[in-house]
Amino acid sequence: MLQNVGFIGIILGIIGRFWPVWLALIVLLTLSFMFRRRLGLYGHLISSGVGLAGVIIVGFWLFTALFAGIVAPFGPLEQIVVMKHALPGSIEPATGIPFYLGGDKLARDVFSRMIYGSRIVLAIAPAATAISLMVGCLLGLPAGYFSGRIDALLSFIANLVLAFPVILLFYLLVTPGIMDTPVPYAMAGFFFIFPILFLCALFYTGYSKQKAKLITLLGLTLIIGGYIYIGLVFDRDPLNLIHIEPNELNIFVAVAFASSPGVFRIVRGLTLDIKTREYINAALTRGEHPWYIMLWEILPNARGPLIVDTCLRIGYTTILLGTLGFFGLGMSSESPDWGTAIKDGSQFLRLYAWPALVPAIALMSFVLGLNLLADSLREQSLRD
Amino acid sequence: MLKFLARRLGIMVLTMFCLSLVVFFFVNLEPNLKRLAIFQTQQRATEQDIESWLTRNGYRDNFFVRYGRWIGVVKQQPVVDPETGAVVPRFRFCDEPAVPAYNGILQGNFGCSTAFKTKVSNRLPQGLRATGLLMFWVMLTMVPTALVIGVLAGMREGSRLDRGLSILSITSTATPEYVSGIIFSVIFATWLKLLNGSAATATSEGINFYNFTLPVMTLAIYGVGYIARMTRASMAEVMSSQYIRTARLKGLSFWQVVMKHALRNALIAPFTVIMLQFPWLLSGVVVVEAIFRYQGFGFLLVSAASNNDIDLLLACGLVSVAVVLLTQLISDIGYAWLNPRIRMS
């Protein structure tokens, strides 16, 4: 029989393990409150209860992912045979450190896996959202601004993607077989070009008068962006610094693909609304280039709803990632990400609840934090 | 109105065509065909055997010809055994016509399921019926709950009731099915022992309160939050409009204003949202059926995808896309019909 630290021991132990996270949160919140008046939207955000709760939860997970190595007592794949299906709080005999939230079916520490899982989720979800944001902006702006044929075509394509139930899309796009075909690489090639295009268009239209600045910015974008692009899409990074596993690339692209049309629709709608404003007419009279108007006049004025949507979308992307893990698509079977852990745990759910319950609550709390943040942001932007 | 309807229908048919092409392309990717051939030629086949099996059964024909056959606008050629000259069907558990014939979706033939060793049309209606039943109960519980929460929250914007209900609906939108399913079955099945943690008996013995509550609850909870928030926004907007103030100033009681004047107008926007919930429900159904072992459409989709069952996966893809498009159409028409401002123009 394994020794157990008991309920109070578990609670105190877990709170103790998170010490770097608490420290970081205290520093963040103290600084935020000190400079509240100078922080604009963020300052208003932490003044409201809901917003503060959102900031704390999201910050908590952010710092957990950062300090995962310190917080987690065991490795995500470390198996200690005696701890198979161990009860929460059971003490591991060799090190004397308890498995705070029990052991799973392969005798790994559920708590440590949940901590390491946050790393995967917090790496992929915001990045995939960022890519889909740029795709949505770069396609949604001209669709709304020019209307007509471009709009009809792009909207039709967006509706095509939206008409797919997400799960079917994933079963078609994220299968082991698809790695042998060029499809994921073609899609990655398509999606990863957008950040480069976006930045180039932004700098080109914005700094066309300042030649020196324009050339440095464009050069930097092309060199750094191109380098990352070659590393990610072709896996041919000459220095071997940037590398992504083919299955991760596949997941990333599938998630970005699934959430881009949503961004497109929102950006298009906002553009349709904003382009009728006075200051757009003023820019037109000045003879500005259409892309300058789109990127430097419309986009900054659409930022309020876009920030809210981005918050919600990171949550949605997290849910999508969890769905992929839950169906065992794309992720390797021993990956500690929350979706895969929920799938593994649900096998023996009726006998051992904790291996599934812990990542489930982790995922829910992170998405809840983002939703609270979004809700509070929306309220703030309505007040202005 | 007729012109609007015709236009919408035209777009829908075009979308359906494009999507069926996409589904057909992805399901018939080379690795999938190879796996199918390996499976059908008893594992130890050489590269040549696989190739000849694929050629003989028409999988090496032009992509569009194969698509046409599947849809049923190109004649399907019977498969002839090169040695005996006899006609053999592609899979031994399904018969196929011995003469070239149109035999595709349009003729009602969905092909042959290799996972269940029977015709797809023998399994699909059964699965759809089971899922339809689940959806019916979900809608029956989800919609009224969500509307009541939304109306109560939006009635007096900013009140304590509004705050509480809003937090509740935000929490529910943060809980995907695979999370709420796990949490509910731990609470209600393992700890309280009130309900069945599995809906497997629902397929064999019919549904009852014990085996069906958890799946319905799990599926409804995500949608409730979303619809409630839409209803709340719509209700809050209506409550701040001029005619509501007029009605209040006329001396009508608060509840009379809510019930007679506000409700009808506030429920137009949520209607669209409810119809657009179907695509999400369809994904949710797949998750819930996997968690609670309920044999419906989602179960078929998962088995088809994991067993490389090409014809069944094609059929499932087509059905789910059709359901989504149909609900979009209904939502468009319903919105135009409910909203007099659009109906007139």
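In chain B, helix α6(B) passes helix α9(B) in a left-handed crossing. The structure is a predicted model, and the geometry reported here is computed from it.

**Helix packing in chain B**

The axes of α6(B) and α9(B) are 7 Å apart, and the two helices pack at an angle of about 135 degrees. They are therefore oblique to each other. On the side of α6(B), the contact is made by B:Ser166, B:Ser169, B:Ile170, B:Ser172 and B:Thr173. The residues of α9(B) that meet them include B:Ile221, B:Tyr222, B:Val224 and B:Gly225, and among them are also B:Arg229 and B:Arg232. Sorted by class, the contact of α6(B) with α9(B) holds 6 nonpolar, 5 polar and 2 charged residues.

Helix α9(B), residues 209-239, also packs against helix α12(B), residues 268-292. Here the angle is about 160 degrees and the axes are 9 Å apart. Since angles over 145 degrees count as roughly antiparallel, α9(B) is roughly antiparallel to α12(B). The crossing of α9(B) past α12(B) is right-handed. Among the residues of α9(B) in this contact are B:Leu214, B:Pro215, B:Tyr222, B:Ile227 and B:Met230. Those of α12(B) include B:Val273, B:Ile274, B:Leu281, B:Val288 and B:Phe292. The contact of α9(B) with α12(B) comprises 14 nonpolar and 6 polar residues, with no charged ones.

**Helices in chain A**

In chain A, helix α6(A), residues 110-146, and helix α13(A), residues 290-301, have axes that come within 11 Å and cross at roughly 110 degrees. That angle makes α6(A) roughly perpendicular to α13(A). From α6(A), the contact draws on A:Cys137, A:Leu141, A:Pro142 and A:Tyr145. From α13(A), it draws on A:Pro290, A:Met294, A:Ile298 and A:Leu299. The class count for the contact of α6(A) with α13(A) is 8 nonpolar, no polar and no charged residues.

| Helix pair | Angle between axes | Distance between axes |
|---|---|---|
| α6(B) and α9(B) | about 135 degrees | 7 Å |
| α9(B) and α12(B) | about 160 degrees | 9 Å |
| α6(A) and α13(A) | roughly 110 degrees | within 11 Å |

Helix α10(A) covers residues 211-234 of chain A. At 1.5 Å a residue, its 24 residues should span 34 Å, and its end C-alpha atoms are 32 Å apart, which agrees. Just after α10(A), A:Asp235 takes a positive phi of about 55 degrees.

**The contact between the chains**

Chain B gives 38 residues to its contact with chain A, and chain A gives 34 residues. On the side of chain B that touches chain A, at least two residues each come from α1, α2, α6, α7, α12 and α14 of chain B. The largest share of that side, 8 residues, belongs to α7(B). The side of chain B that touches chain A divides into 25 nonpolar, 11 polar and 2 charged residues.

**Individual residues in loops**

A:Leu101 lies in the loop between β2 and α6 of chain A. Is A:Leu101 buried or exposed? A:Leu101 is buried, because 24 other C-beta atoms lie within 10 Å. Beyond its neighbours within four places in sequence, A:Leu101 is in contact with A:Pro88, A:Val110, A:Phe111, A:Trp354 and A:Val358. A:Leu101 and A:Ser112 are 11 residues apart along the chain, and their C-alpha atoms are separated by 8.8 Å.

A:Ala107 is also placed in the loop between β2 and α6 of chain A. A:Ala107 counts as partly exposed, with 16 C-beta neighbours inside 10 Å. Its phi is near 65 degrees, a positive value in a residue other than glycine.

A:Val81 belongs to the loop between α5 and β1 of chain A. With 8 C-beta neighbours inside 10 Å, A:Val81 counts as exposed. From A:Val81 to A:Gly103 is 22 residues in sequence and 9.8 Å in space, C-alpha to C-alpha.

In chain B, B:Lys117 is found in the loop between β3 and β4. B:Lys117 counts as exposed, with 11 C-beta neighbours inside 10 Å. B:Lys117 has a positive phi of about 50 degrees, although it is not a glycine. Most residues other than glycine have a negative phi.

Conventions. Residues numbered from 1 in each chain as written. Chains lettered and ligands numbered in written order. Predicted model: local features only at pLDDT ≥ 70, side-chain atom pairs only at ≥ 80, totals over all residues. Helix = DSSP H or I, 4+ residues; strand = E, 2+ residues; numbered from the N terminus. Expected span 1.5 Å × (residues − 1). Axes fitted to C-alpha atoms, helices over the stretch in contact; angles between N-to-C directions. Parallel < 35°, antiparallel > 145°, perpendicular 65-115°, else oblique. Left-handed = near helix turned anticlockwise from the far one by under 90°. Contact = placed C-beta atoms within 7 Å. Nonpolar A, V, L, I, M, F, W, Y, C, P; charged D, E, K, R; others polar. Buried ≥ 20, exposed ≤ 12 C-beta atoms within 10 Å, placed from the backbone.
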